[in-house]
Structure formats: structure tokens, C-alpha cells
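Here's a quick tour of one protein model, written for someone who likes cut-offs spelled out. Have a look at the structure first, then read on.

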Amino acid sequence: MSTDSDHLPLVVVANRLPVELDEETGDWRAAPGGLVTAMESVLRDRKALWIGWTGEFSDESRDIPELPSSAGGLELDEVPLSRAEIEKYYEGCSNGAIWPLYHDAIVPPVYHRTQFECYRRVNEKFARRIAEVAPEGAQVWVHDYQLQLLPKMLRLLRPDLRIGFFLHIPFPPVEVFSQLPWRRQVLEGLLGADLVGFQTKEAALNFLRLVRRFVALRPGGDRVVVDELSGPRTVRVDAFPIGIRAKDFADLASDPVVQERAAQIREDLGSPDVLLLGIDRLDYTKGIDVRIRAVTELLQDNELDPEKTVFVQVATPSRENVEEYQRIRNDVELLVSRANGDLGGIGTTPIQYLHQTMSRTELVAMYCSADVMLVTPLRDGMNLVAKEYVACRVHEDGALVLSEFTGAANQLSDSWLVNPFDIDGMKRSITDAAHADPEELHRRMLALRHSVFEDDVERWATDFLNQLQS
Ligand code: ADQ
């Protein structure tokens, strides 16, 4: 699919570059993160430069090869960051303050002025680097909550650029956002972009309300007019729900080798009647603990037969240097071992917990093997796992239990929608989903698949870049 802006050079800016150092070979390799995969289709057909951090601390002299200037047809450019900068800007301000605040302050955000000062300095470092290397008139697409001050800084340095910003995580309502000590700087930083994109309409509306409240500007519809020395400039604010490469998932799921592996997984789990599955980054926003509690109670009360039900929870290690992440890991592990201690027997483990990252093929085989997918975040910008499960259900069966508090819930309303704070309601939906008849499963899955294939990632990227240009 081509965009109106094919001819323009594109600069993608994100905290991380899409490469990492391979500890075994000591060389750089592609890092298949979500964002690269998402951007692949738009990057494939045009000249693009990606700017970000390598993952290696600039002040620690390891013997590492020089960063390649390109990877997979994509030019790479590094913003070097020291260990202290990562601790304050990334782990501190981004993940200790902004991340929890934007997820409804589920855990209390911790605000440190020195960390914010570092966040500002790192954003400035990114802005300077982009200003140096971006081609004249390029489109610059800035990603996510680590770089919210960047658009304004970059505009001052390079007014010729078309700047777009996309936030992958939720944007909270006025009552929550207001506690941010640097609220005005963040809002003004974002208004430096020509286009500010969010996952949902609600998030976009929250932003517009906050601009009215704290920047004393009067948004009209989805536009904000900002007065600048060079004259008034219009900022567009809109929702661009991110999708997945649905066809790639479906193709992989249709591969007989993957189907065989899916059957093998069920067999290895003792051929249960009901296989429940959760797959998440190990993050306190994902509601892994409430989900384990709900399933444990269902097994305890025999609403799901503990001898014929298995729940597999896969959790990818994440942000292990941040204290709250160590806590959630401990909580989850305690809940799992308690449940298995109470409910298991010799050779039966009703809750299987895997703290590991999986290959794409194994992940797809897991999706294919599961009867009920549990996606129950307390708050989530979108949630791609829900969409991946749906894309992999090539036989148009299987049930999705999905939290109302995900961006995905807006599009996937034919799932079993649940409020993860209401454990009884959640238990009812899980049993309904597990016991639903094949016709109902088929009807719902058809509708879900339609949505996931229609609003795929290509559409997301194309819509964003076309709007940025228009
Ligand atoms: P995340 O919070 O990381 O993303 P999500 O959207 O669910 O959450 O994406 C997770 C990705 O990691 C999925 O593609 C999934 O396949 C993969 N994954 C999870 N566990 C894995 C495992 N054990 N092994 C291998 N892969 C695993 C942020 C926001 C989301 C938003 C995305 C994209 O928090 O709300 O949907 O960005 O915008």
C-alpha cells in the first residue's frame, strides 16, 4: 500500500534502536521489538532513518563493534546515553513517574525533580541529533512517552520538518494527569508536533481538555492553533488505534508444523478439556495477578474442573531494575505456587507459569493451542496480544476474554468484555467463555477477525503518515 507521502524522507525516533548486541557472537543483530514489526511495512518501501539508543551505556567501555550504519534497508543513527542517564530519564522519570501515572496511577508514581531534569536533557539530546541529521523537509515520527518534550525542542531547531508524535500508552483524564509536576511542559512539548496521535478517541479528548485547562489555548474540534513568532500553526489531534500484521500471524498459524506444535503443547499439558492462556510482559498494568486469583477461585469452587483445566501464564521479563516490577514478579510467583500447592496433585499443575520470552513460532503455537485467551489489564494503551490471538485463530474458534480498560476493547467488542476490578464478574465471563457453544464462539470470532484484519498495522501507519502530510 502506498502513502501520499512516499517521496518524503522519513525519520523514525524512538527510545530504542531496532538492534541489540548479541552477547554470544558479540555483534549487532536485529531486535525484533513491537515497534519495528509495526513499522516494517511502511519502512520497506521508502528511505528511512531510525534514531535512538543502542541499549549499550556510552560511558562503559565494552569492547563492542561499531554500530552498523544500516540494518534491513534502514539507516541507523545513535543517541549515546550513559548509565546515569538511563537510570534517571528511562527507569526513573519515564517508568517510575510517567508510566504509572498514565496507567491511572495503579501504583503510585514517584516524582523526582532531578530525574525530570535528566528527562529534559535527554529529550534535548535527541532533538539536537535529529536536527543535525534529518534531511530537509523530512517527516519525523516520534514515538512514545519517553520523548514527549522532543517535538517542541525539535521545532525550534528545525522548523522545516513535519513532526508527528504517537503515544503508545494511555493518556489519562484531567483528574489524574493534573498531579504531574511538569504537566505544562509535557503538554507544550507535545504541541510542538503537527500531529499528535493517540490509541483511542478518549485519550485524544483527554489531551484536548488538558490543553484547554493548562495551556490556556482553545481547541476547536480536533485542532489546536498555537501562536508562534512565525505566525499561527495548527496541531491536529486524533486517534490511530494500532494494529498487527494480521496476515503474517494467520499464515504462520496455518503452517502444519505450527498446528502440530499446538497439538503437542496440549498433549504435553495432559490433554485438558479447557486450556486457558495469558501472555504478557510482566507488568503491574497487565492484571496478571487478578487473573490468577480469578482462575484459582474458579478451580477451587469446581466451576472449572481442576483435573481437566490448565491455565498457562507466559510472562516476559520486563524492566527488572524498577522496584515495582520486582514486586509484581514476587506477587505473581507467590500466587501461582500457592494455587498449585492447594490445587495440584502428583503430576498435575493447574497453573503453568513461564517467565520467559518466546520465539514468534512458539508464541503462535501457544495462541493456536488455547481455548480461552485471558487479556485482563487494569489499563492498557491498546494490547496487541488480544489481536494476535484473534489473528491466529484460523479455524475461527476460541474465546477472547478482554478487559474493558484496553484500547483494543473499542474494536474487539465481540469478545467477552470484563472489568478486571470486579473479580466475580470476571469469573462469570471466564466460565461463560470456557463453556460457550461452538456456534457462539464461531460468530464472535468471525466478527473479531474481521476487525483485526481490517484495521491492521499497515492501515495504522499509512493513516498516520498521510495525516501528518496533509
Ligand atoms: P506492551 O505493553 O509491550 O506495548 P502489548 O501491546 O501487549 O504490550 O505488546 C506486547 C508484545 O510482546 C506482543 O506483540 C506480544 O506478542 C509480545 N510478547 C508478549 N509476551 C511475550 C513472550 N513471552 N515472548 C515473546 N513475545 C512476547 C505498548 C503498550 C500497548 C500497545 C503497544 C503497541 O503498552 O498498550 O498495544 O505498546 O502500541
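Does Asp144 count as buried or exposed? At 12% relative accessibility, Asp144 counts as buried; here buried is under 20% relative accessible area, exposed is over 50%, and partly exposed is in between (1.4 Å probe, protein chains only).

## Ground rules

This is a predicted model, so local features need pLDDT of at least 70 and side-chain atom pairs count only at pLDDT 80 or more, while totals for chains, interfaces and linings use all residues. Residues are numbered from 1 along each chain as its sequence is written, and side-chain values use heavy atoms, with hydrogens and water left out.

## The whole protein

The protein has 16 helices and 17 strands. Helices (H or I, at least four residues) and strands (E, at least two) are DSSP runs, numbered from the N terminus. The radius of gyration is 23 Å, close to the 23 Å that the globule rule gives for 470 residues, so the protein is as compact as a globular protein of that length. That radius is taken over C-alpha atoms, and the rule is 2.2 Å times the number of residues to the power 0.38. Along the principal axes, the C-alpha atoms fill a box of roughly 70 × 50 × 45 Å.

Of the 470 residues, 57% are buried. Looking at contacts with a separation of 6 or more, 77% come from residues 24 or more positions apart; contact means heavy atoms within 4.5 Å. The accessible surface is about 20,000 Å², and carbon and sulfur atoms own 48% of it. Those areas come from the Shrake-Rupley method with a 1.4 Å probe, and for residues only the protein chains shown count as cover.

On the charge side, there are 51 positive and 75 negative charges, and their mean positions sit 7 Å apart. Lys and Arg count as positive and Asp and Glu as negative, with His and the chain ends not counted. Each charge is placed at NZ of Lys, CZ of Arg, CG of Asp or CD of Glu.

Two strands pair if DSSP finds at least two bridges between them. Within the sheet, β7 (residues 139-143) and β8 (residues 162-166) run parallel and are joined by 5 bridges; Val142 has Phe165 in β8 as its bridge partner.

Out in strand β10 you'll find Arg223, which is partly exposed at 39% relative accessibility. Leaving aside neighbours within four places in sequence, Arg223 is in contact with Thr234, Val235 and Arg236. Arg223 and Arg236 are 13 residues apart along the chain, yet their C-alpha atoms are separated by 4.7 Å.

## Covered strands and a helix

Strand β12 (274-281) has 7 of its 8 residues buried, so the rest of the structure largely encloses it. β12 pairs with β13 in the parallel sense over 8 bridges, and the partner of Leu276 in β13 is Phe311.

How many residues of β16 (residues 399-403) are buried? The count is 5 of 5. Both faces are covered, with Ala399, Val401 and Ser403 on one side and Leu400 and Leu402 on the other.

Helix α12 (residues 360-369) is mostly covered too, with 7 of its 10 residues buried. Among them are Leu363, Met366 and Tyr367. The cover over the buried residues of α12 includes α8 (246-254), α9 (256-268), β12, β13, β15 and α13 (384-392).

His103 sits in the loop between α2 (83-102) and α3 (113-133) and is buried, with a relative accessible area of 1%. Apart from neighbours within four places in sequence, His103 is in contact with Ile169, Pro170, Thr285, Arg379 and Asp380.

Most residues other than glycine have a negative phi. Asp144, in the loop between β7 and α4 (150-157), has a positive phi of about 80°. Ala216, in the loop between α7 (201-214) and β10, also has a positive phi, near 55°. Ala216 is exposed, at 65% relative accessible area, whereas Asp144 is buried.
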